[in-house]
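Morning, everyone. Please have a look at the model on the screen, and then I'll walk you through it.

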Amino acid sequence: MQRDKVLAYLGLSSRAGHTVSGEFSVEKSLRQRRARLVIVSEEASENTKKKFRDHCAYRQVPLYIYGSGGELGRACGKDFRISVAIEDEGLAKAVIRQFEEQT
């Protein structure tokens, strides 16, 4: 149930134009300090996960390792995505709440 909510919020954010996806776009969003939350697929390589952990820790942006690349991609209306950033504060907080309820 909670998994569906996270993906639903991700889809809502994408349709509202507040989501960027793909490694390059997410890195750019982090550098420009627009990213409010980053989600990296469980299928990502360890190097990719470490790179995003480091970027997010430096910029104090929450990072979650979650879902498959296919799930993240479908939620964003794309094919396959390893990384996604939400740039809207309110939607990012809603997704973070869902993650916190899971633990």
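Start with strand S2, residues 37-40. Keep in mind that this is a predicted model. Leu37 and Ile39 point one way from S2. Val38 and Val40 point the other way. Are these residues buried or exposed? All of them are buried.

Now the partners. Which strands pair with S2? One is S4, residues 83-86. That pairing is antiparallel, with four bridges. Look for valine 38: across from it, in S4, stands alanine 85. The other is S3, residues 63-65. S2 and S3 run parallel, and three bridges join them. Here valine 40 sits opposite isoleucine 65 of S3.

How does the chain get from S2 to S3? Through helix H3, residues 46-59: the three elements make a β-α-β unit, and it is right-handed.

Next, helix H2, residues 23-31. Its buried residues are Val26, Glu27, Ser29 and Leu30. What covers them? The cover includes S1 (19-21), S2, H3 and S4.

On to glycine 69. This residue is found in helix H4, residues 69-76. What does glycine 69 touch, leaving out residues up to four places away in sequence? The list is Ser41, Glu43, Asp79, Phe80 and Arg81. Isoleucine 82 is 13 residues from glycine 69 along the chain, yet their C-alpha atoms are separated by 5.0 Å.

Last, zoom out to the whole chain. There are five helices and four strands. From the N terminus, the order is α-β-α-β-α-β-α-β-α. The radius of gyration is 12 Å, close to the 13 Å that the globule rule gives for 103 residues, so the chain is as compact as a globular protein of that length. The C-alpha atoms fill a box of roughly 30 × 30 × 25 Å along the principal axes. Of the 103 residues, 48% are buried. Take contacts between residues at least 6 apart in sequence: 79% of them join residues at least 24 apart. The accessible surface comes to about 5,700 Å², and carbon and sulfur atoms account for 47% of it.

Conventions:
Residues are numbered from 1 along each chain as its sequence is written. This is a predicted model: local features need pLDDT of at least 70, side-chain atom pairs count only at pLDDT 80 or more; totals for chains, interfaces and linings use all residues. Side-chain values use heavy atoms; hydrogens and water are left out. Buried means under 20% relative accessible area, exposed over 50%, partly exposed in between (1.4 Å probe, protein chains only). Helices (H or I, at least four residues) and strands (E, at least two) are DSSP runs, numbered from the N terminus. Two strands pair if DSSP finds at least two bridges between them. A crossover is right-handed if, with the strands pointing away from the viewer, the path from the first strand over the helix to the second runs clockwise. Contact means heavy atoms within 4.5 Å. The radius of gyration is taken over C-alpha atoms; the globule rule is 2.2 Å times the number of residues to the power 0.38. Accessible areas come from the Shrake-Rupley method with a 1.4 Å probe; for residues, only the protein chains shown count as cover.
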